[in-house]
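This briefing is for a reader meeting the structure for the first time. The notes are grouped by topic and can be read beside the sequence and the model.

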Amino acid sequence: MDNRLLSVKNLSVDFHTSHGTVHAVRDVSWHLDRGETLAILGESGSGKSVSASAILNLIDMPPGEITQGEILFEGRDVLTMSSEDRRNLNGHRIAMIFQDPLSHLNPVYTVGFQIAETMTAHGVDKAEARSRTISLMQRVGIPEPDTKVDAYPHQFSGGQRQRIMIAMALALKPDILIADEPTTALDVTVQAQILALLKELQQETGMGLLLITHDLGVVAEVADRVVVMNAGQIVETGTAAEVYHRPTHPYTKKLIAAIPGDGAMAEPLDSATKPILDITGLTKHYGSFVALDAANLTVLPGESVAIVGESGSGKSTLAKTVLRLEEATSGSALFEGRDLVSMNDKELFNLRRDIQMVFQDPTQSLNPRMSIFDIITEAFVIHPEILDKAQWKTRVCALLEQVGLKADHMYRYPHQFSGGQRQRIAIARALALEPKLIVCDEAVSALDVSIQAQVLSLLTGLQDELGLSYLFIAHDLPLVRDFAHRVIVMQAGKIVEQGPVAQIFDAPQQEYTRNLIAASLSPNPDIQAERRAAARQLHGVDA
Amino acid sequence: MLWADKFAFVSVIFLLLILFCAVFGPMLLEDVATKQNLRGRNAPPFDFSKNWVYWLGGDALGRPLLARIVVASQNTIFVAAGAVFFSLAIGTALGLIAGYTTRTWSQVIMRLADIIMSFPSLLLAVIVLFMLESSVFNLVVVLAITRIPVYLRTARAETLEVRERMFVQAARVMGASTKRIIFRHILPVVFPTLITIATLDFAFVMLAESSLSFLGIGIQPPEITWGLMVAQGRPYLTTAWWLSFWPGLVIILTTLSLNLVSHWMRTALDPAQRWRLENVRKKNG
Amino acid sequence: MDASEESRNQFREIHGLNDPLFVQFLSYMADLVRLDFGDSIRRSEPAIDVVLRGFAWTLQLAVITMSLVVVFAIILGSLAAFHVGGVFDRLATFFSLIGSSAPDFWIAIVAIVIFSVNLGWFPTSGTGTVWHWVMPISVLFIRPFGLILQIVRGSMITALGSAYVKTARAKGVGNRPIIFVHALRNALLPVITVIGDQAAALLNGAVVIESIFGFPGIGKLMINSILQRDFTVVMAAIMVTALAIFLMNLVIDILYSILDPESGIDPWHRLTFRLPTFPPHPIPWFRPCGCSGPINSPLSR
């Protein structure tokens, strides 16, 4: 017997699918004490959230099956408890918050009802539950809780929804809070606030925090200990600092090496060259809403210009306007001296060869009903002057090899590839038109860290080889630091700062840029600890 | 793949059999089915000593029921197939236009659909068929018109959704024409859904035709359909239940098969759907 | 038997058939606005009275049938969805599939043979006692029940697999509130539309069933009037049912916006300031067809 708060011992979970049995986790053991934060770190498909789901009885059985192991909560094995006893633990002693709070909140009930439900489900009476709900909402930082208690989830912002989820989970002061990717879909500044809130609440209640994440930065910021998972197994455990500084397993080493934000920054290109794209006063209104406000920027041949900003900053609108997927309200964008904003259909058709786009989600940007050959050769069908039909096949082979795929992949369909491979296909499709400028809209943000690094190095390689220019739209600052020559920071439709990458990261001029850089988390726990100490000192001075 | 779903498999076999009857039945059994036989009047079913066409019994004029059901399949299936084909073709075309073009056209088409929808299809058919004469052709036209909105709405709703997908945006960035986007990117994605609905609708149209024929305003004798056979057997219900029972049972089995096949198609024939399912699984994994 | 010249003239005079066509048309349109369709040619009383009498019968029939359908389909469909693939689910799906596939006129006559003729439990046709209602209601019940049950089931399976149900489980909410509070209210949104459609079909008069059971509703009236060429009654009947369907769509519309806070429309605002669109709102793709079913068939497993 041990007297840990929670320990998982030799847990194995299988999923029986029509394609055979998947061993989601194999022989996994870890433990969590009061007041401590344990992070389970893993990429998609590593099985990192399976053991947490097993604790709360959230695995559907079938298709899931727990083949061995035990989960001891205060020394009792929850797997042998009755389902009624397990239900009484959920929300009361062990609570959970999820990624994507919008879909995890019931859209047809008020948030007040949903927070109070945690309490009423465990016997608190309605009136008391409601008054406690309001104070909880106040505690997690929802403004005007008295009125907001009767609002519906869609009436809140992403960060507020996660705060509401936290209020819901902590209503009965549970001993354990499980947080499954709690900040993944959020902007960096909001992420920092949510993590700070979680830490604060942990100190108040002394709960054990189990954090499931793919982000080493989050681990460095909040975790005491970390468990690294790969393909259903634990490959490494240790304190956050140990694992970061002295990884032993090859997988962990590879993972840490792939983290962006450490490499040398690119030198700026010679600004005397004539720009390939010259945008002046570009503006886009949607009704009275100004999505893009008088943007000025240039892109040089062979240059990577990154546009960073949080959601709603207008960076995607800028990309769409340049591609003429949206019509600009005013302003001009000269591509090789010709204004693409005022082009007619025929000129625009010719321009399509020169400017291409790579989209965020490669799952959605490839037509599921077309083979890879059809997807790539669509460029030649639309622009027949590029290539004679007899040479299509050789060209497709060459393109696929250029982006690191095999020639015989051309007869397969998109769903037969992994996310990273699909993004390579999307790049090959863009290259088929032999463009001069490629707009990458969050092109790697849907990919795992290790895949991100591979796709980025592919893009850099292609730039050296073909002299491409990139307009690279991203929210992830460390990624941009390694990739871009120049960085443009946007906020609320406006460009707040632009300059060479070294200047933006080492000597940012604007407050907003500084906040953005400070909010993005370093994977090094020591650096994060320093930053926290600095922030505390700042607070101390203020107070 | 079909083999994995036993019910759908049996349904497909049954539907193929019905299709065979519809195409070749009248050719092979027309004479047998129309020949009156006074000794076989209201002959009970399951008399295996008789010729096999009498195994389901005989009707009021002694005509073999089994043969008549086989022959009647042609009209029944032809009317339903014709109506479904025309409503599918017209509805899809209008739906794509309404979904992809400007608001004005879209509005005009949708209001037209609303008007058709607000009329009860069965009553509309009753009125029109009573005004015009009831022929196979008129029946097909009336049923087709009442079913157009089904495909129109679906095609439009799906088009509105698909046109915002990233692969359509990607095609636009490559400079693809509207025609190419509609026929190469949108239609192939929308079509499986429409075919699935058409399968279900085939059953619906069959039932509608049967009801009309049952009321005596659909197909007129000496032509026969299953619905008409049920109506013709009605006066003999108490003495010879099998006259109405068998054709009704064939209608049920056919519509049931169509339902089951449609269910199977909805998941199996749609790679996009499968892809979505795979993604869900991966995320959970 | 021919009518005398005198009585013919009298008839033409009373019904205004001697006026120029254009005048006849104008006065007819003016009367329509006042819901005055003129007299029934067959029966010497206002067509609207005949129609309203029939409509009252149909309305009762439709309301009783739909209430039963909605209650049973929602409860049984939800339970089937809760244990997908279980014995209950298979039975419910199997019978609802058969129900939604069966031609109602055939079920009606088979039911008459079995329950009226052979067993003698219920009268074959007409109205008068409670027993007269049993068979028409039961037969009318079957198809909408089968359809709606399958849609409830499919929609509930989606809802029960959703993220917010996972949250509710993690909160420790019990099974019953999860099904009937969390999942059901979301699952009802697509179901409401189909219920509206089916109710409209019943309001239009269950033509065939009313004829078979000799039920004096609007469907039977309409068929008879068409066959007798009593077009004042046909016109009145069409106008009355169209109005009824219009009002019902309005109710469905309001119900929908009450159930779906995200639609962002204040339900009562709609009643006063905007006419409803004529089917109320964007529709899940399975809606308008006669037969439909759940996303995946448990029969296939």
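From its N terminus on, chain B runs α-α-α-α-α-α-α-α-α-α. The model is a predicted one.

**Chain B**
- Chain B has ten helices and zero strands.
- Of the 285 residues in chain B, 52% are buried.
- Among contacts in chain B with a separation of 6 or more, 68% involve residues 24 or more positions apart.

**Chain C**
- Chain C holds twelve helices and zero strands, and its pattern along the sequence is α-α-α-α-α-α-α-α-α-α-α-α.
- Buried residues account for 47% of the 301 residues in chain C.
- In chain C, 73% of the contacts with a separation of 6 or more are between residues 24 or more positions apart.

**Where chain B touches chain A**
- The contact involves 22 residues of chain B and 29 residues of chain A.
- On the chain B side, the elements giving two or more residues are helix 6 (166–174), helix 7 (178–215) and helix 10 (271–284) of chain B.
- Helix 6 of chain B supplies the largest share of that side, with eight residues.
- Sorted by class, the side of chain B that touches chain A consists of twelve nonpolar, five polar and five charged residues.

**Strand 3 of chain A and its partners**
- Strand 3 (residues 37–41) of chain A is mostly covered, with five of its five residues buried.
- Thr37(A), Ala39(A) and Leu41(A) point one way from strand 3 of chain A, while Leu38(A) and Ile40(A) point the other way, and all are buried.
- Strand 3 of chain A pairs in the parallel sense with strand 8 (residues 208–213) of chain A over five bridges.
- Within that pairing, Ala39(A) stands opposite Leu211(A) of strand 8 of chain A.
- Strand 3 of chain A also runs parallel to strand 9 (residues 225–230) of chain A, and four bridges join them.
- Ala39(A) has Val226(A) as its bridge partner in strand 9 of chain A.

**An open sheet in chain A**
- Four strands of chain A form an open sheet with antiparallel pairing, in the order 12-11-14-15.
- Strand 12 (289–299) and strand 15 (338–339) of chain A each have a single partner strand and stand at the edges, so one side of each has no neighbour in the sheet.
- Strand 11 (residues 277–286) of chain A pairs with strand 12 of chain A in the antiparallel sense over seven bridges.
- Ile279(A) has Leu297(A) of strand 12 of chain A as its bridge partner.
- Helix 12 (residues 315–322) of chain A lies across strand 11, strand 12 and strand 14 (330–335) of chain A, at about 65° to strand 12 of chain A.

**A helix pair in chain A**
- Helix 4 (residues 111–120) and helix 7 (residues 158–170) of chain A pack with their axes 7 Å apart, at an angle of about 25°.
- Helix 4 of chain A is therefore roughly parallel to helix 7 of chain A, as angles under 35 degrees count as roughly parallel.
- Val111(A), Gln114(A), Ile115(A) and Thr118(A) of helix 4 of chain A make this contact with Ile164(A), Ala167(A) and Met168(A) of helix 7 of chain A.
- By class, the contact between these two helices of chain A has five nonpolar, two polar and no charged residues.

Definitions and conventions
Residues numbered from 1 in each chain as written. Chains lettered and ligands numbered in written order. Predicted model: local features only at pLDDT ≥ 70, side-chain atom pairs only at ≥ 80, totals over all residues. Buried ≥ 20, exposed ≤ 12 C-beta atoms within 10 Å, placed from the backbone. Contact = placed C-beta atoms within 7 Å. Pairing = 2+ DSSP bridges. Axes fitted to C-alpha atoms, helices over the stretch in contact; angles between N-to-C directions. Nonpolar A, V, L, I, M, F, W, Y, C, P; charged D, E, K, R; others polar. Parallel < 35°, antiparallel > 145°, perpendicular 65-115°, else oblique.
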